[in-house]
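Here is a walk through one protein model, taken piece by piece. Keep the picture open while you read.

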Amino acid sequence: MALDHTFEKRKLVIGGVAVAIVVIYLIRLFFLQVSSDDYKLRADSNAFRKEVMFPSRGLIYDRNGKLLVYNEPSYNILVTMQEQHGVDTLGFCSTIGITKEEYIKRMEDIKNPAKNPSYSRNTPQLFLSQVPAEIYAQFCEKQFRFNGFKGEQRSARRYTMGIGAHLLGDVGEVNQNDIDSSSFYAPGDYIGKLGVERSYERQLRGEKGIHIRLRDVRGRDKGPYENGRFDREAKPGRNITLSIDADLQALAERLLEGKLGAIVAIDPKTGEVLCMASGPSYDPRKLVGPERSATQMSLQNDPLKPLLNRAIMGCYPPGSTFKPTQGLIGLQEGIISPNVAFPCSRGFNYKGQHLGCHGHGSPISLVPALATSCNAYFCWNLLRMFNNRQKYPSQHDAMTRWKDHLVAMGYGYRLGVDLPGEKRGMIPNAEYYDKCYPRGWNALSVISISIGQGEVTATPLQIANLGATIANGGWFITPHLARSVQGERLSPEYTKKRHTLVDPRYYPVIAAGMRRAVLGGTCRGADIPGLEVCGKTGTAQNRGQDHSAFLGFAPMSNPRIAVAVYVENGGFGATFGVPLGALIIEQYLNGGLSPASQEKATAFQKRRISYGGYSR
């Protein structure tokens, strides 16, 4: 009986194992056929060929309707490894103009998971991109000899003018990060890399379509699946109209030839960027086609950094272009009034602290202080504010209030322009100086910040934005380059007014000082008959030659343009800043330059500055 009992137990165990095996197989079968798409995808890849239809990218225009960026047909060659058999390798290489070694290298790269993580033998892989039309035509004639290879028509960006490289950006092949961050992209796709192409990638790229083709067991095309019932056409990208004036942009880039720096112009009423030039620049047409990689490498290795958009990435001491902010803060805080005068004996002198200045009348009040760019006046202004214990319980409180004003004016943080890479500049706070001066600090320790020196830095865009704010009497709209996007409204931040902490009634005083600077002060070179220009020079101290800067707007009674010019190592503000700014204002408001101004522009275009032995 014991033996029978043991046998019965064994029967149950064996039966249980058999049932378990069957259940496991059923579960696995269910998973493979129902839950998992693997086999379905393999079956689909054998029965169907899904052809992606690529959309044409949106066009880019300037504010006057001039076409800046358009599309031209471009060709790629794809390879499907599963379909490769009997390929005339040498004939293929000869047809498309590559060596056998290059062929082998490309094939290895395609199969390399590190370089091509989404590799599959059953799906087309990019073998060669942006093939010239004549070579592509030769390939198509002989394609029947190259099993597994096929052509693909795409579009490549083309530029009507060699301007605006930093603004427009460029389009290049996606990397793995792009693919991982969005399901829209696949290997071989293109994406906006920089500039407007990057900022408005979603709008410009359009939507892909798909055509499903039926094929037999030998891979031969049998026509559209169900007469194209499941096909989807590509939707072209949206066109974008930029706020820049192409002629103004071209002039600004001409004026910066042979110089490091930037020119930015803004429409004060709308925040639209009229031009944004960075020097040195480069021709965007050279970053298209097979030579793109070599050109980009050359630009990256250039010691003058032509890929750097100094208009939004260059953080410079603003110098005397900063003085209007100090005047506004003093007026708002009740530290000064328009009639309050301070002494200036060739500079600011107090308790052993000296900060030099040039010769002019003394004592001096706010309007003439702006006109003559008096350093002492604004130093006294800051000293009074930081030492006022009736209004501010501590020096830290005064410093915090000072910084709050500047942040509201657009300094110290990114303004939010619709371009990637914008820098914030630097407006120090009390905590910063606590770290710099562990034994304590006072107004005299930091007095140079009152005239835009010391730790204060700003981008040319922020300086131009100050001009727009003064022109508007205390408000600005976030600077932006997109004037309109086809079928879509601009972001609300590009239409909303941003107000400063200063009462609007104080701004006419600052404008009056800037107007006097043009009529008889440091900006006389910007006096253009009939245009009522207001300006402020800036000579920013530097370890080497000083930087030359200018801030201005016009006309005074109805401002239509605000301009900032910054030329590295350009010397006095009147040397480069003022004349270049005046040319920009004249070009925009008059629709062109007078013959005399054209000659002046040509002369400045030819003037080169040497930077450590390098010049352009």
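## Starting at Pro268

Leaving out residues up to four places away in sequence, Pro268 touches Ala468, Ala471, Asn472, Trp475, Pro559, Arg560, Ile561 and Ala562; touching, or contact, means heavy atoms within 4.5 Å. Pro268 sits in the loop between β11 and β12. Is Pro268 buried or exposed? Its relative accessibility is 1%, so Pro268 counts as buried (buried is under 20% relative accessible area, exposed over 50%, and partly exposed in between, with a 1.4 Å probe and protein chains only). Pro268 also shows how a chain can fold back: Phe476 is 208 residues away from it in sequence, yet their C-alpha atoms are 6.9 Å apart in space.

A quick word on what you are looking at: this is a predicted model, where local features need pLDDT of at least 70 and side-chain atom pairs count only at pLDDT 80 or more, while totals for chains, interfaces and linings use all residues. Residues are numbered from 1 along each chain as its sequence is written, and side-chain values use heavy atoms, with hydrogens and water left out.

## The sheet around that loop

The names of helices (H or I, at least four residues) and strands (E, at least two) come from DSSP runs, numbered from the N terminus. β11 and β12 belong to an open sheet of 5 strands, in the order β12-β11-β20-β19-β18, with antiparallel pairing; two strands pair if DSSP finds at least two bridges between them. Which strands stand at the edges? They are β12 (273-279) and β18 (534-540); each has a single partner strand, so one side of each has no neighbour in the sheet. On average, neighbouring strands here are turned by 5° against each other, direction ignored.

Zoom in on β11 (residues 261-266): it pairs with β12 in the antiparallel sense over 6 bridges. Ala265 stands opposite Cys275 in β12.

## Helices that meet the sheet

Helix α10 packs on this sheet, touching β11 and β12, and its direction makes about 25° with that of β12. Angles like this run from 0 to 180 degrees between N-to-C directions, and the axes are lines fitted to C-alpha atoms, for helices over the stretch in contact. Helix α18 (residues 460-472) lies across β11, β12, β19 (547-554) and β20 (561-567), and runs at about 150° to β20.

α10 has a helix partner too. The axes of α10 (residues 246-255) and α21 (residues 595-606) come within 8 Å and cross at roughly 45°. That makes α10 oblique to α21 (under 35 degrees is roughly parallel, over 145 roughly antiparallel, 65 to 115 roughly perpendicular, and the rest oblique). Leu251, Arg254 and Leu255 in α10 meet Ala601, Thr602, Phe604 and Gln605 in α21.

The largest nonpolar core has 100 residues, and Met276, Phe348, Leu366, Tyr377, Phe386, Trp402 and Tyr411 touch the most other members. A nonpolar core is a set of buried Ala, Val, Leu, Ile, Met, Phe, Trp, Tyr and Cys residues joined through side-chain atoms within 4.5 Å. Which helix gives the most to this core? Helix α15 (residues 375-386) does, with 9 residues.

Beyond its neighbours within four places in sequence, Met276 has contacts that include Leu167, Gln249, Ile263, Leu419 and Leu481. There is also a second, separate core of 40 residues, with Ala517, Phe550, Val567 and Leu589 among them.

## Over to β3

Now for another stretch of the chain. β3 pairs with β2 (residues 60-61) in the antiparallel sense over 2 bridges, and Ile60 has Val69 in β3 as its bridge partner. The two strands form a hairpin with 5 residues between them, and Gly65 in the turn has a positive phi of about 90°. β3 also runs antiparallel to β5, joined by 11 bridges, and to β4, joined by 4 bridges. Asn76 stands opposite Glu152 in β5, and Val79 opposite Gln125 in β4.

Helix α3 (residues 89-96) has Gly91, Phe92, Cys93, Thr95 and Ile96 as its buried residues. These pack against β3 (67-79), α4 (100-111), β4 (125-131), α5 (133-142) and β5 (149-159). After α3 comes Gly97, with a positive phi near 80°.
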